[in-house]
Amino acid sequence: PTVCLPERKYRRKSMNIQPIGHIKCDFSEKFGIPRQSGLVETSARIIFEPKFRSPDAFRGLEGYSHIWLLWEFDRAETRKEPSLTVRPPRLGGNKRMGVFATRSPFRPNPIGLSLVKLEHIIQDKKYGTVLEISGADLCDGTPIFDIKPYLPHIESKPSARGGFAKEAADYRLSVEVPEKIEKRLPFDSLEIIKKILSEDPRPSYQSDPERVYGMSYGKWEIFFKVEKSVLKVVDICEKLG
């Protein structure tokens, strides 16, 4: 028999997506942010737009340990034409792969996807419902488009293949911090900074052992060098002002 499908008269040709909220975190710039979510358990908050702050919008979310964030690469370079191939940093920055085989920020639509841990749902006097999360790989102020619960019984696939990304999964730098610098920082801040640095924030095409790199995290300015697989902290100081 012939099956007749109903005509779709109202197919939407495009969408105007508006943020539901923004990230509040200690990464004020792109350099130094973990390359993937969950690599470093840095703390962050999601502050929602006024119309999404009601507790009703989050009813039942407390039963989940992790959530998916859909967000915008709002600080990625704007290009007239989408890049069909990109240079993944973990492949040394000199080998091209298809954009859809990577998590590059240079995409046809600048949409990111991150899996983060939901630590707490709190009621703030100023901002209403706020989500406290950890493991985010986002910059302070990043627009959030949507939140969905992570379903481990469906979405966890232990036998899944990791492609070329699996080859660099265990890559880490050894981090050396002089004792006189260590004494300046609270223990918790020092440990988080070490974990961030161990992921190697540098662009992969830069390998000059004499070059001093600088990055910000929270109230700290961090300066370091890298020689082979060892990252040596040159200085860590509080930001002025």
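This is a predicted model: local features need pLDDT of at least 70, side-chain atom pairs count only at pLDDT 80 or more; totals for chains, interfaces and linings use all residues.
Residues are numbered from 1 along each chain as its sequence is written, and side-chain values use heavy atoms, leaving out hydrogens and water.

Let us stay with strand E7 for a while. Helices (H or I, at least four residues) and strands (E, at least two) are DSSP runs, numbered from the N terminus. Two strands pair if DSSP finds at least two bridges between them. Strand E6, residues 111–124, pairs with E7 in the antiparallel sense over 7 bridges, and a hairpin of 3 residues joins E6 to E7. E7 also runs antiparallel to E2, with 5 bridges joining them; here Ser 43 stands opposite Ser 134 in E7.

How enclosed is E7? Residues are called buried under 20% relative accessible area, exposed over 50% and partly exposed in between, using a 1.4 Å probe and protein chains only. In E7, 6 of the 7 residues are buried, so the strand is largely enclosed by the rest of the structure.

That leads us to the nonpolar core, a set of buried Ala, Val, Leu, Ile, Met, Phe, Trp, Tyr and Cys residues joined through side-chain atoms within 4.5 Å. In soluble globular proteins, nonpolar side chains tend to be buried together. In this model the largest nonpolar core has 45 residues, and Leu 69, Leu 131 and Ile 133 have the most contacts inside it. Helix H3, residues 187–198, supplies the largest share of this core, with 5 residues. Take a look at Leu 131: leaving aside residues up to four places away in sequence, its contacts (heavy atoms within 4.5 Å) include Ala 44, Ile 46, Phe 48, Leu 118 and Ile 147.

Charged side chains come next. A salt bridge is a side-chain nitrogen of Lys or Arg within 4 Å of a carboxyl oxygen of Asp or Glu, and the structure holds 13 of them. One joins Glu 132 and Arg 45 at 3.1 Å, N to O. Glu 132 lies in strand E7 and Arg 45 in strand E2 (residues 43–48), so this pair ties together parts that are 87 residues apart in sequence. Arg 45 is partly exposed, with a relative accessible area of 29%.

Another salt bridge brings together the side chains of Lys 24 and Asp 140, at 4.0 Å, N to O. Lys 24 sits in strand E1 (residues 21–25) and Asp 140 in the loop between strands E7 and E8, 116 residues apart. At 22% relative accessibility, Asp 140 counts as partly exposed. Arg 59 and Asp 56 meet at 2.7 Å, N to O, and both are exposed. Elsewhere, Glu 182, Glu 191 and Lys 194 are linked in a network of salt bridges.

Our last stop is a pair of rings. Rings of Phe, Tyr and Trp (its six-membered ring) pair if their centres lie within 6.5 Å; planes under 30 degrees apart count as stacked, over 60 as edge-to-face and the rest as tilted. The count comes to 5 aromatic pairs. Among them, Tyr 213 and Phe 224 are stacked, 5.5 Å centre to centre with 20° between the planes. Tyr 213 lies in strand E10 and Phe 224 in strand E11, so the pair ties together parts that are 11 residues apart in sequence. Both residues, Tyr 213 and Phe 224, are buried.
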